[in-house]
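Here is a short report on one protein chain. Please keep the sequence and the model open while reading.

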Amino acid sequence: MACANWLHSPCLSHASLPSTSPRRGTDSASFRTAKSCEGWPTFSSNYRYRRPVMTVQAQAKRGSVVKKEEEIAAATPEDMQFEAPLKIVLYPDPILRAKNKRVDTFDDNLKKLVDEMFDVMYKTDGIGLSAPQVGVNVRLMVFNPIGERGEGEEIVLVNPQVTRYSKKLAPFTEGCLSFPGINADVVRPEAVKVDAQDVTGAKFSVSLTRLPARVFQHEFDHLEARNSLFDRMTGQVVDSIRSELLALEEKYEARTGLPRPESIESRKRWKAGAGFGGS
């Protein structure tokens with residue numbers, strides 16, 4: 001089935017975007033979005049785009065959740081080490097809950113890490129990936145809303161910070177490479193404004209809406225050591241995927257010989273978060 005022309009306005013508007021942009025290998029003025037494709041766009045793993053069936057209003061006002069640089073520890077050379085080819089870290093590995101450090105060194109090693117992240121993202125049919133998902137606990141994400149090598153725009157965000165987000169929320173069916181085979185509804189703000197750096201260290205600001213905003217927020221949750229899926233779900237939605245989560249926990253124990261570091265069964269009360277900060 002062909003993918004519909006669902007994006008009727010530009011997906012990104014650029015606020016004070018410098019000549020050195022977060023995009024790789026393009027000088028176009030705006031990010032391109034899919035107008036037709038074979039099947040729906042994939043988001044992390046088995047994602048399917050679902051048109052929102054409802055829109056709700058957040059209780060809190062629009063906010064800023066910028067952290068001061070000194071609040072985030074700087075990554076050491078050891079923190080930036082990795083081995084290619086990269087492998088996806090699966091739930092409930094504690095790497096996904098570890099604090100992610102600020103990138104201060106913009107060198108060939110960082111560029112190589114970015115290249116390797118795009119490589120594993122495309123090979124696993126994803127459109128977004130965060131560094132902790134490949135075992136590197138630093139504040140780095142890559143994504144391409146098209147999800148095809150050589151098509152669309154390859155976006156690199158280093159040390160991203162959310163400076164504004166909309167009160168308007170919408171549901172979306174999400175999947176995640178760290179939760180293979182699991183898809184469920186997640187409610188998030190429809191738009192965000194982000195400050196970040198590119199792979200050279202140049203600072204920029206960008207406003208994201210629709211699918212790019214959704215991809216960014218999913219990956220940003222990973223950078224904040226949240227599990228992008230069930231930390232954002234209602235209890236009812238979590239119950240619908242409980243058996244799949246337990247199966248991943250059992251596979252972790254079988255693979256590592258270690259007890260599961262967290263379990264869905266230990267979550268007695270459930271409050272889904274939809275925004276940023278402490279939500």
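The report covers confidence, overall layout, aromatic pairs, a set of paired strands and one arginine.

## Model and confidence

This is a predicted model, in which local features need pLDDT of at least 70, side-chain atom pairs count only at pLDDT 80 or more, and totals for chains, interfaces and linings use all residues. Residues are numbered from 1 along each chain as its sequence is written, and side-chain values use heavy atoms, with hydrogens and water left out.

pLDDT is the predictor's confidence in each residue, from 0 to 100. The chain has a mean pLDDT of 78, and 70% of its residues reach 70 or more. Residues 1-21 stay under 50, and the model gives them 61 contacts beyond four places in sequence (contact means heavy atoms within 4.5 Å). Residues 25-61 are also below 50, with 110 contacts beyond near neighbours in sequence.

## Overall layout

The chain has four helices and 10 strands. Both are DSSP runs numbered from the N terminus: helices are H or I with at least four residues, strands are E with at least two. From the N terminus on, the order is β-β-β-α-β-β-β-β-β-β-β-α-α-α.

Of the 279 residues, 51% are buried. Buried means under 20% relative accessible area, exposed over 50%, and partly exposed in between (1.4 Å probe, protein chains only). The accessible surface is about 13,300 Å², and carbon and sulfur atoms hold 49% of it. Areas come from the Shrake-Rupley method with a 1.4 Å probe; for residues, only the protein chains shown count as cover. Among contacts with a separation of 6 or more, 73% join residues 24 or more positions apart.

## Aromatic pairs

The structure holds three aromatic pairs. Rings of Phe, Tyr and Trp (its six-membered ring) pair if their centres lie within 6.5 Å; planes under 30 degrees apart count as stacked, over 60 as edge-to-face and the rest as tilted. Tyrosine 91 and phenylalanine 179 are stacked, because their ring centres are 5.0 Å apart and their planes meet at 20 degrees. This pair links distant parts of the chain, 88 residues apart. Tyrosine 91 sits in the loop between strand S3 (56-57) and helix H1 (108-123), and phenylalanine 179 in strand S8 (residues 179-189). Both residues are buried.

Phenylalanine 216 and phenylalanine 220 are stacked too, at 5.4 Å centre to centre and 25 degrees between the planes. Both lie in helix H2 (residues 210-223), four residues apart, about one turn of the helix. Phenylalanine 216 is buried at 0% relative accessibility. Phenylalanine 220 is buried at 3%.

## Strand S5 and its partners

Two strands pair if DSSP finds at least two bridges between them. Strand S4 (residues 128-130) runs antiparallel to S5, joined by three bridges. Strand S6 (residues 154-165) pairs with S5 in the antiparallel sense over four bridges. Methionine 141 of S5 is the bridge partner of serine 130, and in S6 its bridge partner is leucine 157.

In a regular strand, side chains alternate between the two faces of the sheet. In S5 (residues 140-143), Leu140 and Val142 point one way, Met141 and Phe143 the other. All four are buried.

## Arginine 139

Is arginine 139 buried or exposed? Arginine 139 is at 3% relative accessibility, so this residue counts as buried. Arginine 139 lies in the loop between S4 and S5. Beyond four places in sequence, its contacts include Ile72, Asn100, Leu157, Phe220 and Glu224.
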